[in-house]
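Please keep the sequence and the structure in view while reading.

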Amino acid sequence: ITKGQPTQNVVAILQGSDPHFAGQYIVVGAHFDHLGRSTQFALDPEAGNAIRNGADDNASGTAAVLQLARILEAQHPRRSIIFANFSGEEEGLLGSEWFVEHPPVPLDSIMAMVNFDMVGRLNGDKLIVYGTATATELSAILDSANASSRAPFRISGGGDGFGSSDQSSFYAKNIPVLHFFTDLHGDYHRATDDVEKINSGGEARVVDLADRVIESLDRMPGRLSFVRIAAPSAMRTSASSGSQVYLGSVPDMAAGDVPGLRLSGVRPGSPAELGGLKVDDVITEFGGAKVTDLQSYSDALYSHKPGDIVKVNILRAGKPMEISVTLGKRGG
């Protein structure tokens with residue numbers, strides 16, 4: 001239930017072809033919800049109730065799941081595959097949390113979860129894959145699949161299985177995960193995230209790589225060796241854990257190589273502006289938590305509540321500075 005409205009996950013199961021392995025499952029998932037006309041999590045509130053279609057976030061991931069369903073059905077995998085499109089991710093991973101709390105198969109029979117969130121805006125050969133350290137075999141599987149590509153990616157990311165997308169719900173249940181992601185951009189959570197800007201050829205490359213990874217998982221003689229990494233204390237796993245906190249910073253979605261989070265804008269009259277943040281500032285630490293990208297920044301921000309006074313370390317024209325901001329309340 002999201003804001004009193006009924007919603008649902010959409011799930012299908014492809015039964016494995018080998019009786020010895022058919023009782024083991026690989027989940028291939030993505031969320032299909034976006035913001036619609038709501039401004040609650042929008043980064044363009046000035047657009048009012050303009051429709052926010054979410055072509056990249058996350059129609060691209062939904063399309064990846066559907067295409068992999070077509071591909072894998074023709075391959076007759078040994079293990080069973082669950083294709084899951086989740087609802088309520090934007091409200092705090094609600095659909096995937098519901099799935100792992102009410103699984104259609106025993107949780108301990110799920111071998112791995114492969115997640116797709118924003119895979120439609122590939123820029124060059126840069127691909128981000130999170131979760132590579134959630135099982136000891138995953139890094140080598142991904143590297144091998146990438147090396148066999150006609151055009152290999154430059155893969156970055158991290159080993160942690162937690163984060164602000166649906167793989168986090170599975171990793172919290174001790175299931176190895178991978179999260180494919182083609183990075184942030186200036187249309188994120190805006191009405192301009194539309195189909196004309198999707199790099200369909202780039203997404204096809206991501207799906208092809210993911211297919212080879214899933215094939216490798218399916219061919220394994222045994223299970224993955226799960227690795228537990230402690231959840232960050234600031235991790236936001238539900239809409240209630242800080243989603244009303246407001247700063248008013250506008251992240252630069254294209255600045256993926258800076259040592260922190262660069263700001264492309266600061267909203268007039270916002271706590272960010274009142275605290276002294278400016279365009280082109282790079283946030284490197286927020287409330288004592290290191291900031292390396294939007295995810296770590298979001299984790300740090302959402303660990304606080306409206307009214308908190310927070311120390312923010314920034315780089316301004318390359319020079320380190322520390323300022324204080326008083327956090328506001330979204331919509332307040």
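A residue counts as buried when its relative accessible area is under 20%. The model considered here is a predicted one. Ala-30 has a relative accessible area of 0%, so this residue is buried. Ala-30 lies in strand E2.

Which residues does Ala-30 contact, apart from its neighbours within four places in sequence? The contacts are Asn-58, Gly-61, Thr-62, Val-65, Ala-84, Asn-85, Phe-86, Asn-115, Phe-116 and Asp-166. Gly-88 is 58 residues from Ala-30 in sequence, and the two C-alpha atoms are 11 Å apart in space.

## The sheet

The sheet is open and consists of 7 strands with mixed pairing, arranged in the order E1-E3-E2-E4-E7-E5-E6. The edges are taken by strand E1 (10–14) and strand E6 (154–158); each has a single partner strand, so one side of each has no neighbour in the sheet. On average, and with direction ignored, neighbouring strands are turned by 20° against each other.

Helix H3 packs on this sheet, where it touches strand E5 (126–130), E6 and E7. The direction of H3 makes about 40° with that of E7.

Is strand E4 (residues 110–116) mostly buried or exposed? Of its 7 residues, 7 are buried, so the strand is largely enclosed by the rest of the structure.

Strands of a sheet pair through backbone hydrogen bonds, in either a parallel or an antiparallel arrangement. E4 pairs in the parallel sense with strand E2 (residues 25–31), over 5 bridges. Within that pairing, Ala-112 of E4 is the bridge partner of Ile-26. E4 also pairs in the parallel sense with strand E7 (residues 177–181), over 4 bridges. Here Val-114 stands opposite Leu-178 of E7.

## Helix H5 with helix H3

The axes of helix H3 (residues 138–147) and helix H5 (residues 200–219) come within 9 Å and cross at roughly 130°. This angle makes H3 oblique to H5, and the crossing is right-handed.

On the H3 side, the contact is made by Leu-138, Ile-141, Leu-142, Ala-145 and Asn-146. On the H5 side, it is made by Leu-209, Arg-212, Val-213, Ser-216 and Leu-217. Sorted by class, the residues of this contact are 7 nonpolar, 2 polar and 1 charged.

## Helix H5 with helix H1

How does helix H1 (residues 55–75) lie relative to H5, and at what angle do the axes cross? Their axes come within 10 Å and cross at roughly 50°. That angle makes H1 oblique to H5. H1 passes H5 in a right-handed crossing.

The H1 residues in this contact are Ser-60, Gly-61, Ala-63, Ala-64, Gln-67, Leu-68, Ile-71, Leu-72 and Gln-75. They meet Glu-203, Val-207, Ala-210, Asp-211, Ile-214 and Glu-215 in H5. By class, this contact divides into 8 nonpolar, 4 polar and 3 charged residues. Gly-61, listed here on the H1 side, is also one of the contacts of Ala-30.

How values were computed
Residues numbered from 1 in each chain as written. Predicted model: local features only at pLDDT ≥ 70, side-chain atom pairs only at ≥ 80, totals over all residues. Heavy atoms only, no water. Buried < 20%, exposed > 50% of the residue type's maximum accessible area, 1.4 Å probe, protein only. Helix = DSSP H or I, 4+ residues; strand = E, 2+ residues; numbered from the N terminus. Pairing = 2+ DSSP bridges. Axes fitted to C-alpha atoms, helices over the stretch in contact; angles between N-to-C directions. Parallel < 35°, antiparallel > 145°, perpendicular 65-115°, else oblique. Left-handed = near helix turned anticlockwise from the far one by under 90°. Contact = heavy atoms within 4.5 Å. Nonpolar A, V, L, I, M, F, W, Y, C, P; charged D, E, K, R; others polar.
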